[in-house]
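Me: I would like a close look at a single part of this model. Please keep the answer plain and connected.

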4 protein chains.
Amino acid sequence: MHSDRFYTLSASCPDQVGIIARVSGFIAGHGGWILESSFHSDALTSRYFMRLEIKASSLPFLLAEFRELFRSEVAEPLSMTWQINDSAVKKRVVVLVSKQEHCLYDLLARWQAKELDIEIPCVISNHDTFRGFVEWHGIPFHHVPVNADNKKGAYAEMQRIFDDVRGDTMVLARYMQILSPDLCEALAGKIINIHHSFLPSFAGAKPYHQAYTRGVKLIGATCHYVTSELDAGPIIEQDVIRIDHSDSPEDMVRYGKDIEKTVLARGLRYHLEDRVLVHGNKTVVFR
Amino acid sequence: MHSDRFYTLSASCPDQVGIIARVSGFIAGHGGWILESSFHSDALTSRYFMRLEIKASSLPFLLAEFRELFRSEVAEPLSMTWQINDSAVKKRVVVLVSKQEHCLYDLLARWQAKELDIEIPCVISNHDTFRGFVEWHGIPFHHVPVNADNKKGAYAEMQRIFDDVRGDTMVLARYMQILSPDLCEALAGKIINIHHSFLPSFAGAKPYHQAYTRGVKLIGATCHYVTSELDAGPIIEQDVIRIDHSDSPEDMVRYGKDIEKTVLARGLRYHLEDRVLVHGNKTVVFR
Amino acid sequence: MHSDRFYTLSASCPDQVGIIARVSGFIAGHGGWILESSFHSDALTSRYFMRLEIKASSLPFLLAEFRELFRSEVAEPLSMTWQINDSAVKKRVVVLVSKQEHCLYDLLARWQAKELDIEIPCVISNHDTFRGFVEWHGIPFHHVPVNADNKKGAYAEMQRIFDDVRGDTMVLARYMQILSPDLCEALAGKIINIHHSFLPSFAGAKPYHQAYTRGVKLIGATCHYVTSELDAGPIIEQDVIRIDHSDSPEDMVRYGKDIEKTVLARGLRYHLEDRVLVHGNKTVVFR
Amino acid sequence: MHSDRFYTLSASCPDQVGIIARVSGFIAGHGGWILESSFHSDALTSRYFMRLEIKASSLPFLLAEFRELFRSEVAEPLSMTWQINDSAVKKRVVVLVSKQEHCLYDLLARWQAKELDIEIPCVISNHDTFRGFVEWHGIPFHHVPVNADNKKGAYAEMQRIFDDVRGDTMVLARYMQILSPDLCEALAGKIINIHHSFLPSFAGAKPYHQAYTRGVKLIGATCHYVTSELDAGPIIEQDVIRIDHSDSPEDMVRYGKDIEKTVLARGLRYHLEDRVLVHGNKTVVFR
């Protein structure tokens, strides 16, 4: 994190000789100061990935012109998938919760401390449990109940809210409903979930009980992009914690919360800082 | 954690043949059902430590009589230091904070979720920052400013509040003042601090900056009992997190928060569940 | 680990009031000094597990009489499954390898340093690669080739060797053949394998390639008892190591070796010290 | 690790606009294919660090000419400290041991498996313990006793051997003597040690006993460059392992071995692959 305003360029393209030279030559040609840079060549697929932070004040133009010049001089010749973001523009993160507080408290503490330098335009929940807590923080709260009969309408309503508040990212902070395929596709690459197992083990319901039954010695949590296939999207971050034979499923639930919130916070940060580039069903994460 | 009410017996005594037999024989003799038991013999000092959870309803007497019988039949003959606590009596934890929110939010989330099954009779702070947040949770908030001129009075006031609310434990949740020796002694074994380094490295001020200067590859946090010697009391729990050359002291502060709150919560839980037995300047922790 | 000779009692039985009292009372009644003790009650199945180390010289009888008295006075009345072992009798561990050296070197280094206080009566391999290395250490080496045509004979030969050398435990130190169901059953609870994934993820062949394809952020290793179902036996120990997008399957193979040998060594030690009690398809591990 | 031959360029220089462009432009201008690249700007000292792997066959010249052109066109204009190494030239690593086998076995297993693609021209020891084991591997063994009277001669002899075999790196694989300041200076940046604590805690003798006395809950190991100040050189890699109250100093010694050998192997690999750039008393490690 830099105190100065900066632009973050993240991109991928087919690999070839001279990519770094072309990109860095373009930036240096305009006097741009590179604060941080990461490059990765995926040997098996011959695809090239990069992420650069460039000090905004070192460039002689504004963001729109930067994007336009980069497009014509670099991105199009190299057939890039790319984006340039401005650190001065806070990302807008819509948080979804159900009845468990650990991830919600954790995210709001990070937001309060400006550790996550985001805006939270609203919180959406299928229960009314946290209305008071969320509103106390000055954040609008939407109660959108979901049941067998109203799923379609509920998810349409959630998407409408997301669009209305111009959300950039939707975070499922232990939101205990499975989103509709429509919503997953409409917001592809923008929805982040925390699953309470070390995927691919124990996808689906009650993963701690599954872990208990199998007798594993570590339990985990996985932060991933949501796709229409349950718990199968590209993995952003994972971690584990040690348990033993004396731990009941309830103990695991308790221990698990500590890694769930940490893994979610790390994965979300990587995403918000444009450190995650999706590559098929996998991710490149430039930490 | 058991759903049934239980008594927790924790004790230490000089080692000799037959301690377990004597303790467990006493309990079994009264029909007591042992839910959990841990024993440790310290070979170097020949001292014996134990902790047992006994199902309350399996015993034919109430707590006072249990204590009295245990004292005369077991504890005194074995020269024990001991206590028996009742899971139905919630411990009363007074939380001290300054201006950083991560530990406070974390503790309140655990309290809300009953993961920490305690009472928080009040929060004390040398700043007024978190009054609203704390009071929203229905917890009284005391602003006790501390400065060079009023230290003696301030610490006396804090001890008075602690006594008034019948506190069992005082938690320094990133409280940024050094308590007076008087207070440390008056509440010996009852004050828990989280220090933001892997002690004994980097005691004192600005440990992350010290870590940055030394170029270590992991940073840590330490939960310990407070004694009058700064950051030198018995260690309850520690953990670390990996960093690298690209991390500034500010990055370390941010990463460090995640282990600070986790290590504090684990250490506090061990303490509240009578899992920690102090042994000189060390601890036996029956996890 | 104690320098004095000791007996290790490990047992399980249906849970009831007074088990610890009965066991420890029996030991104390004969003047037995308990060096270490662990107890566990499995609430869901109402089964009780224990492990005790008793100083040999504190008892007034030899091992055979100890066993006989324990059987009649404690084990049978409590319907125990139990064993008592003598620290002076070294366990005999037969090591199986193929062509990878990391686990073999690691085990022999621990054996040389007496960190693993065992006898290795022989090493068996389906390749002749390590004959010189093993024999240099004064350990007999048996080359038992395994191919599609001779599997039955090969596994019979391996079992014959194991019986001939009076093996207690068979360790698959990255042995790359699947043992026959007959052998698995004949030596049930005596064969320990190290699988190069964090089970239940990525059972079977080429787990690192499976991990690469799924894009996980940690890879692991699992030490487990071998049963006739591939990679599905009771888990003794597991651990993981962090990887990222820049790691190829070959990198993972290399990183993985470090946890494979460590996890195998830990699991083997627990087993040899009678710290592992099998419970259905799970384990109680008294570390 | 790449299967193709490559050159590794590692360099640092004062920070300024256009460094990456200049370096990558030079390489691309000669058709060079960059396999891997890492850059780091140290904000506090305004120094810039980089490491690149370039496919050898993509360049139209040999190593000597590459170095000459790079020097004149890039390194000198940018005031670089730099080196270019050839993956086809194996580094020559001289291993020093005393009487503990764990690091020696571990290094030789990695060397046998070509996981460490190095030459080991000889092993030097102050004891004759491992002569047979080392010579069985076809590696010359030098017994250079060190005692109070002959230190000066002994260290001169060790330096002479190192020079004779054209050593690149000297590894203290739990070598239990303190090298002379002369030797440390003569081979500055070339001697790697593994210290059995998480430095800066517990420098000097018997760190596990120091850890036991302080009652820490994790113990560690540190791989660092040797300087004339004991255990105070730039840290390359560190790791920790959890212990508890039941672990004696001897248990810690045993647990510690597992992290010592792993941390040493990681640190040595980073060094050999030119991933470590020393920066004052710290290191930049491009993993």
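Which residue's side chain meets that of Glu237(C) in a salt bridge, and what surrounds this contact?

Reply: The side chain of Glu237(C) meets that of Arg242(A), at 3.1 Å from N to O. A salt bridge here is a side-chain nitrogen of Lys or Arg within 4 Å of a carboxyl oxygen of Asp or Glu. The model is predicted: local features need pLDDT of at least 70, side-chain atom pairs count only at pLDDT 80 or more, and totals for chains, interfaces and linings use all residues. Residues are numbered from 1 along each chain as written, chains are lettered from A in written order, and side-chain values use heavy atoms, without hydrogens and water.

Across the interface of chain C and chain A there are six salt bridges. The contact (heavy atoms within 4.5 Å) takes 37 residues from chain C and 37 residues from chain A. The buried area, meaning accessible area (1.4 Å probe) lost on being put together, summed over both parts, is about 3100 Å², with 52% from carbon and sulfur atoms. Arg214(C), Lys217(C) and His245(C) supply 23% of the area that chain C buries against chain A, more than any other three residues.

Seven strands form an open, mixed sheet in the order S7-S6-S5-S8-S9-S10-S11 (chain C), where pairing needs at least two DSSP bridges.

Conventions. Helix = DSSP H or I, 4+ residues; strand = E, 2+ residues; numbered from the N terminus. Buried area = accessible area lost by both parts, 1.4 Å probe.
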